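Hello,

Please find the structure below. Some notes on what was found in it follow.

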Amino acid sequence: MRDCLVLAGPTDEIYSAAGTDLLTEVERERAAAFVREADRRDFVAAHLLVRRCAAKVLGVPEDRLTLLQHCDHCGPGHGRPYLAEVPELGVSLSHSHGYVCVAVGPGRVGVDAERVPAGPPDRALVSHALAPAERPLARDNEALIRLWVRKEALIKRGELTLDALGTIDLSALPLGGDATPPDGEGAGPGGEGIRRLEWAGRHLLEWRTGSGVAVCVVTDHPATLG
């Protein structure tokens, strides 16, 4: 098995109508329930990309993998994703306005991708989501969303909840241009240089796309961007 692998890119480069044959009946039903076609395509692309990523990690064909989801409150059908064939393998996915990102690997993994909106930061969100030491850093939406995706990735790892976002302080980690990509490392998919950070034994992989999406991946082991 390979170490943690991350795949990402624009929905239009990943989506395939024919590829929906790989999806489970539950996934197809969920896809059909979207009102907006763009949202449906994002959903399908992310679920296809998870299979592609897991197939590379495990060295098996994509059609041999079954992606399931389970919510601790509601049961199966949505919630944290996992592979029926290898339930112990960490799996995470995210999509935002035409961009998708997935991560697969040993241990816990979490990924979040969010578009950076124009305008000033939402002060209510700043108060709810950020620890006191983080709040002065959220001078604009760029900084706020970069902090937000880090915490969403921790939620997807199962170690943080929405009502406890402000209890974790990530203010010591650099934001944006404060971090320098490692030597020899190129840009993230469609965007700026990759940042590799470490925090409390966790590994963070971050970038921002040219289309304005901030991405953060948090893993137990260093991740490779494929």
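Is Phe-34 buried, exposed or partly exposed? With a relative accessible area of 31%, Phe-34 is partly exposed; buried means under 20%, exposed over 50% and partly exposed in between, with a 1.4 Å probe and protein chains only. Phe-43 is buried, at 3%.

This is a predicted model, in which local features need pLDDT of at least 70 and side-chain atom pairs pLDDT 80 or more, while totals for chains, interfaces and linings use all residues. Residues are numbered from 1 along each chain as its sequence is written, and side-chain values use heavy atoms, leaving out hydrogens and water.

The count of aromatic pairs comes to one. Its rings belong to Phe-34 and Phe-43, with centres 5.4 Å apart and planes at 50 degrees, so the pair is tilted (rings of Phe, Tyr and Trp, the last by its six-membered ring, pair with centres within 6.5 Å; planes under 30 degrees apart are stacked, over 60 edge-to-face, the rest tilted).

The protein has five helices and 11 strands (DSSP runs of H or I, at least four residues, and of E, at least two, numbered from the N terminus). Of its 226 residues, 49% are buried.

Four strands form an open sheet with mixed pairing, in the order 5-6-1-11 (strands pair if DSSP finds at least two bridges between them). Strand 5 (90-95) and strand 11 (224-225) are the edge strands, each pairing on one side only. Strand 1 (residues 5-10) pairs with strand 11 in the parallel sense over two bridges, and Leu-5 stands opposite Thr-224 in strand 11.

Regards
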